[in-house]
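Look at the chain below and keep it in view.

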Amino acid sequence: MSNHEQHETAHRPVQRKEMSRRQFLSYTLGGTTAFMMGGAVLPMVRFAVDPLLVNKGEGTYVKVVEESKITNEPQEFKFKIHQVDGWYVSDPELSAWISKDANNKIFALSPVCKHLGCTIGWNTKGQNEYDCPCHDARYSKDGKNITVAPTPLDEYEVKLEGGFVYLGPVMPNTRTS
């Protein structure tokens, strides 16, 4: 190659590859579509993920009854709890069978039968037992399963403070071990 040819090739302008109208239209429409889809999908993703990001609080205790009203005979007491389930806020009414044991220690049992979830009653058949009206499951005063039900009644955590009985979360029965 001669000196003149080298000089000519060194000073040639760089050729640019031009974008066609079709490519420009494809990029523009693709970008606009992606932007609009992102605008529609991102709020849905946030709606689905937001409850997972909220810090979970510890179980709280609910004031139920004065300590002086508790006897050795089980009594049913109703109370309300405040619960938040995702975006659904409610105040359901729950109940507990509260009594004292032989050592005068207060305990509370859940009224939900462990067989199929019916609500039990105390001494409905005159045998000093919890009875389930659905399938004749029976439990002792401590919640021990006598017939039909596979496990004992659940127990509430109990806290005594300022002359009142406070109930916490439900836990497996510790009285029948």
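At 10% relative accessibility, Ser95 counts as buried. Buried means under 20% relative accessible area, exposed means over 50%, and partly exposed lies in between, using a 1.4 Å probe and protein chains only. The model is predicted, so local features need pLDDT of at least 70 and side-chain atom pairs count only at pLDDT 80 or more, while totals for chains, interfaces and linings use all residues. Residues are numbered from 1 along each chain as its sequence is written, and side-chain values use heavy atoms, with hydrogens and water left out.

**Around Ser95**

Ser95 lies in strand S5, residues 93–100. Helices (H or I, at least four residues) and strands (E, at least two) are DSSP runs, numbered from the N terminus. What does the side chain of Ser95 make a polar contact with? Its partner is the side chain of Glu76, at 3.3 Å. A polar contact is a pair of N or O atoms within 3.5 Å; within protein, one must be able to donate a hydrogen and the other to accept it, and residues adjacent in sequence count only if both atoms are side-chain atoms. Leaving aside residues up to four places away in sequence, Ser95 touches Glu76, Phe77, Lys78, Phe79, Pro111 and Tyr156. Contact here means heavy atoms within 4.5 Å.

**Aromatic rings**

Two of those neighbours, Phe79 and Tyr156, also touch Ser95 and form an aromatic pair with each other. The pair is edge-to-face, with 5.8 Å centre to centre and 80° between the planes. Phe79 lies in strand S2 (residues 75–80) and Tyr156 in strand S11, so the pair ties together parts that are 77 residues apart in sequence. Phe79 is buried at 5% relative accessibility. Tyr156 is buried too, at 7%.

Trp122 and Tyr130 form another edge-to-face pair, at 4.8 Å centre to centre and 65° between the planes. Both Trp122 and Tyr130 are buried. Together with Trp97, they form one aromatic cluster. The count comes to three aromatic pairs. The rule is this: rings of Phe, Tyr and Trp (its six-membered ring) pair if their centres lie within 6.5 Å; planes under 30 degrees apart count as stacked, over 60 as edge-to-face and the rest as tilted.

Rings can also meet a charge. Lys159 lies over the face of Tyr61, at 4.4 Å from the ring centre. Lys159 also lies over the face of Tyr166, at 6.0 Å from the ring centre. A charge sits over a ring if NZ of Lys or CZ of Arg is within 6 Å of the ring centre and within 35 degrees of the ring normal.

**Salt bridges**

How many salt bridges does a search of the whole structure find? It finds six. A salt bridge is a side-chain nitrogen of Lys or Arg within 4 Å of a carboxyl oxygen of Asp or Glu. The table gives some of them.

| Lys114 | Asp154 | 3.0 Å |

Lys125 is partly exposed at 48% relative accessibility, and Asp136 is partly exposed at 36%. Lys114 counts as partly exposed at 29%. Glu129, by contrast, is buried at 12%. Asp101, Asp142 and Arg175 are linked in a network of salt bridges.

**Asn145**

Asn145 is in strand S10. The side chain of Asn145 reaches the backbone oxygen of Ala149 at 3.0 Å and that of Pro150 at 3.3 Å.

**The whole chain**

The protein chain has two helices and twelve strands. Buried residues make up 24% of its 177 residues. The unreviewed UniProt entry annotates residues 24–45 as "transmembrane region"; UniProt positions are given in the numbering used here, feature names are shortened, and annotations may be inferred rather than shown by experiment. In the model, that span is 100% helix and 0% strand, and the end C-alpha atoms of residues 24–45 lie 31 Å apart.
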